[in-house]
Amino acid sequence: MVWLLPNDGTFTIYPVKPDLTGLIEVEELPEGIGILRQAEDGTFYYEPFPEFIPRTEEPEVNPELPITPEPPETLEERIARLESIIEQNNLITVDAVLGVYEELVALREEIAASKGTTDNA
């Protein structure tokens with residue numbers, strides 16, 4: 001037993017009955033492959049897929065632009081690139097640490113002010 005849901009001239013096939021309205025219950029599907037259709041007499045059949053769809057025009061190929069692969073990165077270039085990345089990461093880390101330090105100094109001053117002392121010790 002299979003259940004079919006009409007869908008734009010064809011059918012969605014369910015091997016287990018879903019909780020949907022408009023289902024058609026059939027004992028078995030016809031043999032074959034393709035797009036499932038229903039004939040005027042109510043029987044089902046598979047409309048075969050087109051084997052070849054002719055192309056109306058060929059895609060344009062621009063022979064003026066040769067594809068050249070990028071040259072591989074030399075060892076010196078790679079080392080320079082990695083050093084640059086490390087330097088950027090170090091600057092980001094220092095900036096973050098300075099931000100935390102400034103927050104700690106500000107909190108320390110607030111604590112000192114709440115105690116009524118002016119000494120930051």
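Visitor: In S3, which residue is the bridge partner of Val-2?

Guide: That is Val-26 in S3. A quick word before we go on: this is a predicted model.

Visitor: What makes S1 and S3 count as paired strands?

Guide: Pairing asks for at least two bridges found by DSSP.

Visitor: Through what do strands of a sheet pair in general?

Guide: Through backbone hydrogen bonds, and the sense can be parallel or antiparallel.

Visitor: Happy with that! What is the order of the strands in the open sheet of three strands?

Guide: The order reads S2-S1-S3, and the pairing is antiparallel.

Visitor: Why are S2 and S3 said to stand at the edges?

Guide: Strand S2 (10-14) and strand S3 (24-26) each have a single partner strand, so each has one side left without a neighbour in the sheet. From one strand to the next, the twist averages 35°.

Visitor: Which elements does the protein chain have beyond that sheet, and how do they run?

Guide: In total there are five strands and one helix. Starting at the N terminus, the run is β-β-β-β-β-α.

Visitor: What makes a residue count as buried, and how many do?

Guide: A residue needs under 20% relative accessible area to be called buried. In the protein chain, 10% of the 121 residues count as buried. The accessible surface comes to about 11,200 Å², with 57% belonging to carbon and sulfur atoms.

Key: Residues numbered from 1 in each chain as written. Predicted model: local features only at pLDDT ≥ 70, side-chain atom pairs only at ≥ 80, totals over all residues. Heavy atoms only, no water. Helix = DSSP H or I, 4+ residues; strand = E, 2+ residues; numbered from the N terminus. Buried < 20%, exposed > 50% of the residue type's maximum accessible area, 1.4 Å probe, protein only. Areas by Shrake-Rupley, 256 points an atom, 1.4 Å probe, with all protein chains shown as cover. Axes fitted to C-alpha atoms, helices over the stretch in contact; angles between N-to-C directions.
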